[in-house]
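Dear colleague,

Please find below the structure that I am handing over to you, together with its sequence. I would be grateful if you could read the notes that follow alongside it.

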Amino acid sequence: MILANFMLIQWKEDKQMNQKERVLDYMKKFGGITEREASRKIAVDRLGARIYDLKEEEYEIVSEWITSKNRYGQKVRFKKYMLKQDKLEIANENHYSVI
């Protein structure tokens, strides 16, 4: 949580970024973003809407379902959004193709 607060302060010092710019910047820096990361780390609560806005500006964004367990040990699924070029780079590193 301290890191998330520092990241917000750092972005604000650089310039006042809107939510869409923060989402794009986060994806470029960290390779992708989930709803939880958006909410906790960059104060964006409607990630799907910001992804839609970015797609309208012709950014190529892909998503994949991630399966994990919550704090109660229950299986949960959530989406991770990535810029298409980042997904291709990850695929090349892991030697598999993206369809």
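Predicted model: local features only at pLDDT ≥ 70, side-chain atom pairs only at ≥ 80, totals over all residues.

Residues are numbered from 1 along each chain as its sequence is written, and side-chain values use heavy atoms, with hydrogens and water left out.

**Overall make-up**

The chain holds five helices and three strands; these are DSSP runs numbered from the N terminus, with helices (H or I) of at least four residues and strands (E) of at least two. Read from the N terminus, the order of elements is α-α-β-α-α-β-β-α. Of the 99 residues in the chain, 30% are buried. Here buried means under 20% relative accessible area, exposed means over 50%, and partly exposed lies in between (1.4 Å probe, protein chains only). The accessible surface of the chain is about 7300 Å², and carbon and sulfur atoms account for 49% of that surface. Such areas come from the Shrake-Rupley method with a 1.4 Å probe, and for residues only the protein chains shown count as cover. Among contacts in the chain with a separation of 6 or more, 39% join residues 24 or more positions apart; a contact means heavy atoms within 4.5 Å.

**Strands**

Strands E2 (residues 61-69) and E3 (residues 75-83) are paired in the antiparallel sense over nine bridges. Two strands count as paired if DSSP finds at least two bridges between them. Within this pairing, Val-62 has Met-82 of E3 as its bridge partner, and Ser-63 stands opposite Tyr-81 in E3. The hairpin of E2 and E3 has five residues between the strands, and Gly-73 takes a positive phi near 80° in that hairpin. E3 also pairs with E1, again in the antiparallel sense, over two bridges; there the bridge partner of Thr-34 is Lys-80 in E3.

In soluble globular proteins, nonpolar side chains tend to be buried together. The largest nonpolar core in this model has 14 residues, and Val-23, Met-27 and Ile-33 have the most contacts inside it. H2, H3, H4 and E3 each contribute at least two residues to this core, and H2 gives the largest share, four residues. A nonpolar core is a set of buried Ala, Val, Leu, Ile, Met, Phe, Trp, Tyr and Cys residues joined through side-chain atoms within 4.5 Å. Leaving aside residues up to four places away in sequence, Ile-33 touches several residues, including Val-23, Met-27, Ile-42, Leu-47 and Tyr-81.

**Rings**

A search of the whole structure gives one aromatic pair. Tyr-26 and Phe-30 form this pair, which is tilted, with 4.5 Å from centre to centre and 40° between the planes. Rings of Phe, Tyr and Trp (its six-membered ring) pair if their centres lie within 6.5 Å; planes under 30 degrees apart count as stacked, over 60 as edge-to-face and the rest as tilted. Because Tyr-26 and Phe-30 are four residues apart in helix H2 (residues 19-30), about one helical turn separates them. Tyr-26 is buried at 2% relative accessible area, whereas Phe-30 is partly exposed at 46%.

Elsewhere, the charged end of Arg-77 sits over the ring of Trp-65, 4.4 Å from its centre. The criterion is that NZ of Lys or CZ of Arg is within 6 Å of the ring centre and within 35 degrees of the ring normal.

**Loops**

Gly-32 lies in the loop between H2 and strand E1 (33-34) and is buried, with 2% relative accessibility. Not counting residues up to four places away in sequence, Gly-32 touches Tyr-26, Met-27, Glu-37, Lys-80, Tyr-81 and Met-82. Gly-32 and Ile-61 are 29 residues apart in sequence, with 9.5 Å between their C-alpha atoms.

Ala-43 is in the loop between helix H3 (35-42) and helix H4 (47-56) and is partly exposed, at 39% relative accessible area. Glu-58 is in the loop between H4 and E2 and is exposed, at 69%.

With kind regards
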